[in-house]
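Subject: Structure handover

Hello,

Here is the structure for your own work. Please open it alongside this message; the notes on what was found follow it.

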Amino acid sequence: MTASDNTLFNSLPLNPATLDNLAQLGYLSMTPIQATSLPAALAGKDLIAQAQTGSGKTAAFGLALLERLNPRRFAVQSLVLCPTRELADQVTVEIRRLARAMDNIKVVTLCGGVALRGQRASLENGAHIIVGTPGRVMDHLARGYLSLEALNTLVLDEADRMLDMGFFEDIATVTKQCPPERQTLLFSATYPEGIDKLAKQFMRSPERITVAQPTTSESLIEQRFYEVTRPTRFEVVVKLLNHFRPVSTLAFCNTKQQCNELVAYLKQQGVSALALHGDLEQRERDQVLAQFANRSISVLVATDVASRGIDIKELEAVINVDITPDPEVHVHRIGRTGRAGETGLALSLAAMYEMGAVGKIEQYQNQPSVWHKLDELTPKGSGPLLPPMITLQILGGRKEKIRPGDVLGALTADAGYSREQIGKINVTEFTTFVAVQRDIALEAMQKLNVGKVKGKSVKVRLL
Ligand code: AMP
């Protein structure tokens, strides 16, 4: 077998239906993390794998846990613990895609922010795989709604984030209820101390897997630094936006208060922006993320904690409104742009008092920072920076059995729009978000309000 054959999925002991499904999903060859971890994971070994969102890590553990799953056994056989609900939702979607070739695999998401009752009912209907956050999973265990007696695979996804968020004890409580002979797969972008503690207490001679990360200089991220003063920081953010005119920008602030102040300022300047921070309720958070991911908001302003686990593709720019004191966090932040072979722009604003932190970043990345002058920033394009899409909110979601196809049908077949005029369609439990091109938004809303979705009248508003 040649070296390149080793990156083909059919070099692995996977069942033929899964291999077909992977081909259909367009997964032609394995990503580095998959190629290094899947052989050991499929052989049943415990693993500590260093991998980030976007590396294909979900399929690395997803394929391993599906391979061991017995669909005819109606019991929870795998559990994936995640730090946030967004990550849990993404993992659930990916596992369902990977399981398409298998009969009737039930994946249940258990996260906080929603009533226990519905989740309990889903568990009673039978679940093979649970994806959830530690606190909520613990709740279900404590109430006796969930049993892990038949578990064979435990996955700790983004373990470093879970530790950061103070979940060590919760993870320990949940893990103690798993059978000792299970397989444990731990994925983490970094290795803080707690990881060793977890490994010592809960893993059996884990194999360590590291994949060389492309350093920022090799990747397609262009980093530019700008010196600012405290009072001009927000003005410079607007200048950067008007100069580079990115469709989607993630702006990082070190505090919640700074996030809110920046959003207020941007709005005042006619830039569409929303904040993402820990104080938002789950529903608000879902709405903010849907609007940003579907390109109807130009700038998402977030704290590091709040932005965890969000995986938004096509992010043209990241702005470090404040420099983070932790160089590892800096590399994470800028890694959000420039994904999948696209060039990304990472713009960092630093005032005198942040130069120490910039120095640490230079050391950590082993490269000097490239400084640009503020007077190079001239407004480009005509008029203000406007997002290409607008989000329509349909009051009704999964509970009303609405599917993305129903909405697309109402807009194309019934209302007469072309597929290209419609963007992402996001169906959540009670509500549906659909992005449409800015110029048709008002009319599309009116047409949907008088027309029907899935044979029923619906209420639609512009966000
Ligand atoms: P993850 O790091 O698990 O969030 O995966 C990032 C993205 O890569 C997801 O959208 C996956 O669907 C996709 N992906 C995972 N594995 C492969 C693969 N082998 N080939 C192509 N795409 C993949």
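First, the ground rules. This is a predicted model, in which local features need pLDDT of at least 70 and side-chain atom pairs count only at pLDDT 80 or more, while totals for chains, interfaces and linings use all residues. Residues are numbered from 1 along each chain as its sequence is written, and side-chain values use heavy atoms, with hydrogens and water left out.

Domains

The protein chain is divided into domain 1 (5–210), domain 2 (221–376) and domain 3 (389–462); the bounds come from an automatic or database domain assignment. The centres of domain 1 and domain 3, taken over C-alpha atoms, are separated by 34 Å.

The second largest pocket

The space in the second largest pocket is about 260 Å³. Its lining has 17 residues, and Thr84, Glu86, Met165, Gln282 and Arg285 are the closest to its centre. A pocket here is an open set of points, on a 1 Å grid over the protein atoms alone, with protein on both sides within 12 Å along at least five of seven lines; a cavity is a set of points where a 1.4 Å probe fits but cannot get out, and lining residues have an atom within 4 Å of a point. Grid points are joined across faces, edges and corners, and a volume is the space filled by probe spheres set on the points.

At least two lining residues of this pocket come from each of helix H4 (85–98), helix H6 (134–142), helix H12 (282–293) and helix H13 (304–307). Helices (H or I, at least four residues) and strands (E, at least two) are DSSP runs, numbered from the N terminus. By class, the lining of the second largest pocket holds 6 nonpolar, 6 polar and 5 charged residues. Ala, Val, Leu, Ile, Met, Phe, Trp, Tyr, Cys and Pro count as nonpolar, Asp, Glu, Lys and Arg as charged, and the others, Gly among them, as polar.

The cavity

How many cavities of 30 Å³ or more does a search of the whole structure find? The search finds 1. About 90 Å³ of space lies in the largest cavity, and the residues lining it are Arg161, Phe252, Asp304, Ser307, Arg308, Val329, His332, Arg333 and Arg336. Two or more residues of this lining come from each of H13 and helix H14 (327–334), with H14 giving the largest share, 3 residues. The lining of the largest cavity divides into 2 nonpolar, 2 polar and 5 charged residues.

His332 lies in helix H14 and is buried, with a relative accessible area of 17%. Buried means under 20% relative accessible area, exposed over 50%, and partly exposed in between (1.4 Å probe, protein chains only). Leaving out residues up to four places away in sequence, His332 touches Gln52, Arg161, Ala189 and Thr190; contact means heavy atoms within 4.5 Å.

In helix H9 (residues 193–202), the buried residues are Gly194, Ile195, Leu198, Ala199 and Phe202. Seen down the axis of H9, they fall within an arc of 140 degrees, so they line one face of the helix; the arc is that of the directions from the helix axis to the C-beta atoms. Glu193 and Lys200, on the other side of H9, are exposed. Strand S1 (47–50), strand S5 (153–156), helix H7 (159–164), helix H8 (168–175) and strand S6 (183–188) are what the buried residues of H9 pack against.

Helix H3 (residues 57–67) has 10 of its 11 residues buried, so it is largely enclosed by the rest of the structure. Among the buried residues of H3 are Lys57, Thr58 and Phe61.

Gln34 belongs to helix H2 (residues 32–42) and is buried at a relative accessible area of 4%. Not counting residues up to four places away in sequence, Gln34 touches Phe9, Ser29, Pro39, Gly56, Ala59 and Ala60; Ala59 and Ala60 are among the buried residues of H3.

Backbone points to check

Arg295 has a positive phi of about 70 degrees although it is not a glycine. Arg295 sits in the loop between H12 and strand S11 (299–302) and is partly exposed, at 27% relative accessibility.

Lys401, also a residue other than glycine, has a positive phi near 65 degrees. Lys401 is in the loop between strand S15 (389–395) and helix H16 (404–414) and is exposed, with a relative accessible area of 59%.

Regards
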